[in-house]
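I opened this entry to look up helix packing, the nonpolar core and the aromatic pairs. My notes follow the order in which I checked them.

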Amino acid sequence: MKSGFVTERLVALLKCLLAAYVITGVLLVLVAGLLYKFSLGENVVDVGIIVVYCLSSLLAGLFFSKGAASRRFIWGMAAGAVYFLVICAVTFAVEGKIDLLSNSCMTTLFICAGSGMLGGMLG
């Protein structure tokens with residue numbers, strides 16, 4: 001691999017992740033507004049957060065795979081996985097701990113990577 005290609009893909013990944021986190025922020029504010037307005041239950045909020053993760057990872061995978069000539073599903077899955085890793089890093093920075101082997105954490109990983117992979121296939 002040439003260093004120009006690697007640099008190009010890293011810049012593309014950073015742009016896609018930035019867009020995904022802007023979308024995440026907007027959608028989470030929308031979920032919070034709905035929670036406040038309609039006094040939604042915890043289960044509805046949990047589903048809303050999962051939908052936000054799915055949409056954001058899907059779009060990150062879609063955008064990131066656009067620059068790839070082949071194996072777009074792998075590029076999309078990589079974007080979803082990195083999206084998840086950033087969520088984990090922020091969680092660790094805020095809470096001071098994270099249980100990467102918990103069921104909810106593994107489920108979130110599969111949701112993000114799978115949605116990113118689907119975005120890559122659509123791209």
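Planes under 30 degrees apart count as stacked, over 60 as edge-to-face. The model is predicted.

**Aromatic pairs**

I found 4 aromatic pairs in the structure. I looked up F5 and W75 among them: the ring centres are 6.2 Å apart and the planes stand at 75 degrees, so this pair is edge-to-face. F5 sits in helix α1 and W75 in helix α3, so the pair ties together parts 70 residues apart in sequence. F5 is partly exposed, at a relative accessible area of 34%. W75 is also partly exposed, at 25%.

My next pair was Y21 with Y83. I noted it as stacked, with 4.7 Å centre to centre and 15 degrees between the planes. Y21 belongs to helix α1 and Y83 to helix α3, so this pair ties together parts 62 residues apart in sequence. Y83 is buried, at 0%.

I also noted one aromatic cluster formed by F5, F64 and W75.

**Nonpolar core**

I turned to the largest nonpolar core, which has 14 residues. Which members touch the most others? They are L13, Y53, F64, A79, Y83, F84 and C112. Helices α1 (3-38), α2 (42-65), α3 and α4 each supply at least two residues of this core. The largest share, 5 residues, comes from α3.

Leaving aside residues up to four places away in sequence, C112 touches Y53, S57, G80, Y83 and F84.

**α3 against α4**

I recorded two values here, because packed helices are described by the angle between their axes and the distance between the axes. Helix α3 (residues 72-95) and helix α4 (residues 103-122) pack at about 145 degrees, with axes 6 Å apart. The crossing of α3 past α4 is right-handed.

I listed the contact next. On the α3 side are R72, F73, G76, M77, G80, A81, Y83, F84 and C88. They meet C105, T108, L109, C112, A113, G116, M117, G120 and M121 in α4. I sorted the residues of this contact by type: 12 are nonpolar, 5 polar and 1 charged.

**Cross-check**

I went back over Y83. Y83 stacks with Y21, touches C112 and is among the α3 residues that meet α4.

Notes: Residues numbered from 1 in each chain as written. Predicted model: local features only at pLDDT ≥ 70, side-chain atom pairs only at ≥ 80, totals over all residues. Heavy atoms only, no water. Axes fitted to C-alpha atoms, helices over the stretch in contact; angles between N-to-C directions. Helix = DSSP H or I, 4+ residues; strand = E, 2+ residues; numbered from the N terminus. Left-handed = near helix turned anticlockwise from the far one by under 90°. Contact = heavy atoms within 4.5 Å. Nonpolar A, V, L, I, M, F, W, Y, C, P; charged D, E, K, R; others polar. Core = buried A, V, L, I, M, F, W, Y, C linked by side-chain atoms within 4.5 Å. Buried < 20%, exposed > 50% of the residue type's maximum accessible area, 1.4 Å probe, protein only. Phe/Tyr/Trp six-rings, centres within 6.5 Å; stacked < 30°, edge-to-face > 60°.
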